[in-house]
Amino acid sequence: MSSSRRQYPFHLIESKWQQTWEQQQAFRAFNPNDEIPANHPFAVRHNLSGKVAATQLPPKFYILDMFPYPSGAGLHVGHPEGYTATDILARYRRAVGYNVLHPMGWDSFGLPAEQYAVKTGQHPRVTTEANIANFTRQIKSLGFSYDWSREIATTDVEYFKWTQWIFLKLYNSWFNPETNKAESVETIEFPSDCTTEDAKRAYRDAKRLAYVSEAPVNWCPELGTVLANEEVIDGKSEVGGFPVIRKPMRQWMLRITAYAEKLLADLDTIDWSDSLKEMQRNWIGRSEGAEVDFYVIPSGYIGKPEAIRTLYEQLLNNRSTLLEDSLQKVKVFTTRPDTLFGATYLVISPEHKLAPQITTNDRRIEVTRYTEFATTKSDLERTELAKEKTGVFSGGYALNPVNGEVVQIWIADYVLASYGTGAIMAVPAHDERDFEFARKFKLPIKPVVRPVYGDNFMLELPGDGPNPNYDELEERYFLHPELYYGQTLPFVMQGINGRSRNLEISLDGNSTAEAKKKITAWLEARGLGKKTINYKLRDWLFSRQRYWGEPFPIVWKKGPDGQSYHEALPESSLPLLPPTLEDYKPTAGGEPPLARAKDWLNLPDGSVRETNTMPQWAGSCWYYLRYTDAKNAQAFVGKEVDNYWMASNGKAAGVDLYVGGTEHAVLHLLYARFWHKVLFDLGYVSTPEPFYKLVNQGLILGEDGQKMSKSRGNVVNPDDVLVEYGADAFRLYEMFMGPLQDTKPWNTKGVEGVYRFLGRVWRLFVDEKSETAFEQAETTAEPSQRGELLDLILLDGGITDQHATPAQLKALHACIKKVTEDLDGMRFNTAISAMMVFINEAMTWQTKPLSVMKPFLQLLAPFAPHVAEELWARLHATFGQVATSLAYAPWPKYDAALLVESEIEIPVQVNGKFRDVIKVAVDADNATIEAAAKVAEKAQPFLAGKAIKKVIIVPKKMVNLIVG
RNA sequence: GCCGGUGUGGCGAAAUGGCAGACGCACAGGACUUAAAAUCCUGGGACUAUAAAAAGUCGUGCGGGUUCAAGUCCCGCCACCGGCACCA
């Protein structure tokens, strides 16, 4: 293909306009009170200059791309898909009259640069900067209208200074349940028994939004670091796919769970796709239910039913503090308290803190063996071996609080320590997991919920016949479960309770919803349980054992009692830089690499620095805020600036449009929302949500329909495409492939198609002879002089300043309408096809009026800005007009009156089948249409000899003749 | 298993319940050319029929339904993609 003739001299045009834009700073966005140069195209368009207050600026539009990690591999064609879409919209919004903020930057902390450093000793900053330079070159070559004056990298010292500053805010805050928001830890009130400074400190430290935990974590030996739950997929690391094991370690955690409810509820206020919201909802995993107390029966009572009966009655009726204190209780969480009468055993997780106490001596050896087996299992083993349930009887028993029944307490790893209370009541008749476990270990199954008659599918046994006696069936169902559960699954859906009564309360006959309410109220009244909400969401594991990340502004000190405790560095000490190292590996003792720098590590006062660093997500949690005020040295973002760019703009609040890949559906997007909400609570930002509208671009597959990857050898490099077809064709093709959100395969032939389209546009505007002359001159010219050769190309003589014909105006205005509406709906592919339709028609015109050709270039400009600018400039020059910057020229409006036809074609159907088309006046009445339809030529064979029974006319749409 | 999404020509796709396949790719034929490339013009869902045309029948994953009329709405399936997955 490279041997073929260029469709048009994009190689000269594109670099020319990219330089022009850069010199003009054409896409610089102005903050309130910025000094706006009078000759800047934005100032010219809006008639502004000098310092302009927020109220005098045009309305803002903040349109954001997910910033990339600058990898060594460079850009692939997936990156520019979203970037092109946002660039088109940014350019469109500028033309419509908004003050557009459209920035770009780098998520530049990350593992690959560090791994390279471990291997070669080259500082990660050097690698990172080289990669950023390459990414910048590639992105700039696509002609995106970013405001590069706001470029940031998370690895910039001036940037991560503020990342550390935000961490200090998290550290120094707690979530006050009374006010339902984050506040300074100064507002914590200490309980009366908290008297010493040590006790107060411990109390406060346990409340902070950033806290230290000793919990078991996901340790990846290969990567030498811990990972967040979200970074572990099927027991393997998301990065690299290495095995991950559970290991208790001291780690920093962020209390995102405090925001579970807000993160969930506020999804309703933002414009994200249903699937994305659903992913976040699932991840947060809210479930309503009840916590119920099961008292553990002291071993002395076992085998003495009367004594147990008495104990139960005491608990129920005159529970004393004394009794309460002397008994252990297992707190369970259930979403189905209505099935409490069907609870036939308890299960606690192997890590449950009561496990050793509940276990009886005769069972201890077996229990210990099992517990060790279960807790050392890696997550990988847990998921892979999940098929078969395992567990062991503890030897202990508990009382079912609703009926005093004695139930066994089992230990099994199908109950997770980290969810709910780490213990469950098992209702095998109505829960698949419990059912499976009960069958394996021969535990009792007691049905207490039956299906609703009518949609019932399980009450009937073979031979029950067509008209079963439901009373009989119900009795058999509840009293003889063995008849049913041998052949069916447990009944896990909602239904009607039965066999669910004690002396005080009966759920029999109640629906599941009623029964839940009733039993929960009873439990609460009796002090045996309470309504509870649980979340799957866990706190965010925030520390990594790495070098190339933000160091924590934290030091460790030793108290008088020898206990070490942490303390924050003052804000004035920020930024805290990482030390210089020769060797980036973890220490021999397994300490993070920062521990190698002894000078850095140990402070003169004897305190020791925290050696963990923050995860890569930290920097991306707030970069969108920094863009609004990238150079602010006093604050992470200025109040007035935040108010202008992030505050409510009509309906939207926050970033108006955010485009990126689905891979960040629950990680980045949840973390960023969380930080934003904390900053909002603390009064630093003006909106509760960061991103109003969010769109995920679809994946671009290789030409073979497979995911692009180096190993498959199907990666398309944008650089190669650009050399061949130019940036405008590349942009156009990325958008023409199909809907932005869809997954779609790359097809180089498709690029040629849009490239040809641009060629037709070009030839519509320029004189062919002059272009031939240009091409000949170019073959002999020095490369440095080629730019000037463009002047040899002349405008086509058919373009004149004359009145347009109605047909020409119609073609233009139909195009304006379609492109405008499609841009508003982000339907780029159909907008492009509308422009193709226009060009196909314009190719047939003898004359090309300026008044039609100019607006068309404006429509084309957001998609193919280089060629549009070039032709725009030529049009103006040729007709002696001053060329205003196309980027800021007001968007054309369509005139609906020009689109009205005098005569229209209407399809004629006979009995709903299309038969012919009739031409009628646009304002023809129904009688006229009916008459025309009845004589439509091609409809005659279907009308012959039949009576017309009914005529359906949809004005301007169709006519349907119904014959008998 | 659960949740979300998608199924339309050889391919990417388009269609407020109203002429299915716009636009583009690939393909075929033609014009220009010594020739090719590029460009321009024309054609095209399948089937039946025909010398050719006119024409007809069928057709949007499958099976039902609503409607004068269904790719579009409803019910029940199937397949593929993405996410979650012992979360009680």
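Colleague: Which exposed residues does α13 carry on the face turned away from its buried side?

Modeller: Bear in mind that this is a predicted model. That face of α13 carries Ile365, Arg369, Glu372 and Thr376. They get called exposed because the word is kept for residues over 50% relative accessible area.

Colleague: And what makes you say that the buried residues of α13 line one face?

Modeller: The buried ones are Val367, Tyr370, Thr371 and Ala374. Looking down the axis of α13, you find them within an arc of 100°, so they line one face of the helix.

Colleague: How do you know what span to expect for α13?

Modeller: The expected span is 1.5 Å times one less than the number of residues. Helix α13, residues 364–376, has 13 residues, and its first and last C-alpha are 18 Å apart, close to the 18 Å expected.

Colleague: Over to the RNA. What makes Lys389 a polar contact of RNA strand B?

Modeller: The cut-off is a pair of N or O atoms within 3.5 Å. A side-chain N or O atom of Lys389 sits 2.4 Å from a base oxygen of RNA strand B, so the pair qualifies.

Colleague: Which element gives the largest share of the surface near RNA strand B?

Modeller: That's α30, with six residues.

Conventions:
Residues numbered from 1 in each chain as written. Chains lettered and ligands numbered in written order. Predicted model: local features only at pLDDT ≥ 70, side-chain atom pairs only at ≥ 80, totals over all residues. Heavy atoms only, no water. Helix = DSSP H or I, 4+ residues; strand = E, 2+ residues; numbered from the N terminus. Buried < 20%, exposed > 50% of the residue type's maximum accessible area, 1.4 Å probe, protein only. Arc of directions from axis to C-beta. Polar contact = N/O pair within 3.5 Å; in protein donor to acceptor, adjacent residues only side chain to side chain.
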